[in-house]
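User: I have a new structure to study. Please take me through it in short questions and answers.

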Amino acid sequence: QVQLVESGGGLVQPGGSLRLSCAASGMIFSINTMGWYRQAPGKTRELVAAITRGGSTNYADSVKGRFTISRDNAKNTVYLQMNSLKPEDTAVYYCNGAGSGRYWGQGTQVTVSS
């Protein structure tokens with residue numbers, strides 16, 4: 001089993017920044033790709049960004065140039081740096097780990113509002 005714990009969400013004004021963290025524990029050797037997903041009210045969960053063990057990344061078009069995903073393998077932690085935040089970025093953000101299984105964190109709320 002793998003446990004994922006997110007932190008770093010909150011309320012921020014449009015144009016502001018937040019950094020989300022996801023700490024992994026347990027059978028982390030089974031995980032190849034770590035990602036961040038988000039789900040806004042009334043919408044389906046969508047991929048925001050992902051990073052492989054080797055460091056390859058991919059992003060949703062809506063966040064390219066504003067968000068950066070990174071990982072610290074020594075700390076078993078994945079980060080999502082979010083800049084130039086917009087009201088449409090408001091959602092619950094979930095950390096995801098994929099490999100031999102698929103694992104989810106509990107989610108952290110990000111609200112972008114003036």
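User: Which residues touch the most other members of the largest nonpolar core?

Analyst: This is a predicted model: local features need pLDDT of at least 70, side-chain atom pairs count only at pLDDT 80 or more, and totals for chains, interfaces and linings use all residues. Residues are numbered from 1 along each chain as its sequence is written, and side-chain values use heavy atoms, leaving out hydrogens and water. A nonpolar core is a set of buried Ala, Val, Leu, Ile, Met, Phe, Trp, Tyr and Cys residues joined through side-chain atoms within 4.5 Å, where buried means under 20% relative accessible area, exposed over 50% and partly exposed in between, using a 1.4 Å probe and protein chains only. The largest core here has 28 residues, and those touching the most other members are Trp36, Leu80, Met82 and Tyr93.

User: Which strand supplies the largest share of this core?

Analyst: Strands are DSSP runs of E, at least two residues each, numbered from the N terminus. At least two core residues come from each of strand 1 (2-7), strand 3 (18-26), strand 4 (31-39), strand 5 (46-52), strand 7 (67-72), strand 8 (77-82), strand 9 (91-99) and strand 11 (108-112). The largest share is four residues, and it comes from strand 3.

User: Which residues does Leu80 touch, not counting residues up to four places away in sequence?

Analyst: Contact means heavy atoms within 4.5 Å. With residues up to four places away in sequence left out, Leu80 touches Leu18, Arg19, Leu20, Trp36, Val48, Ala49, Phe67, Thr68, Ile69 and Tyr93.

User: What is the bridge partner of Arg19 in strand 8?

Analyst: Strand 3 and strand 8 run antiparallel and are joined by six bridges. Across in strand 8, Arg19 has as its bridge partner Gln81.

User: What phi does Asn76 take?

Analyst: Asn76 sits in the loop between strand 7 and strand 8. Asn76 is partly exposed, at 31% relative accessible area. Its phi is positive, in a residue other than glycine, and lies near 55 degrees.

User: Is Ser84 buried or partly exposed?

Analyst: Ser84 is in the loop between strand 8 and strand 9. Although it is not a glycine, Ser84 has a positive phi of about 50 degrees. With a relative accessible area of 40%, Ser84 is partly exposed.

User: How many degrees lie between the planes of Tyr37 and Trp104?

Analyst: Rings of Phe, Tyr and Trp (its six-membered ring) pair if their centres lie within 6.5 Å; planes under 30 degrees apart are stacked, over 60 edge-to-face, and the rest tilted. The whole structure holds two aromatic pairs. Tyr37 and Trp104 are edge-to-face, 5.0 Å centre to centre, with planes at 70 degrees.

User: Which residues do ring pairs link into a cluster?

Analyst: Tyr94 and Trp104 also pair edge-to-face, 6.5 Å centre to centre and 90 degrees between the planes. Tyr94 is in strand 9 and Trp104 in strand 10, so this pair ties parts ten residues apart in sequence. The cluster linked by ring pairs is Tyr37, Tyr94 and Trp104.

User: At what distance from the ring centre of Tyr94 does Arg45 lie?

Analyst: A charge sits over a ring if NZ of Lys or CZ of Arg is within 6 Å of the ring centre and within 35 degrees of the ring normal. Arg45 lies over the face of Trp104, at 4.6 Å from that ring centre. Arg45 also lies over the face of Tyr94, at 3.7 Å.

User: Which residue in strand 9 stands opposite Tyr37?

Analyst: Strand 4 and strand 9 run antiparallel, joined by eight bridges. Opposite Tyr37 stands Tyr94.

Note on methods: Pairing = 2+ DSSP bridges.
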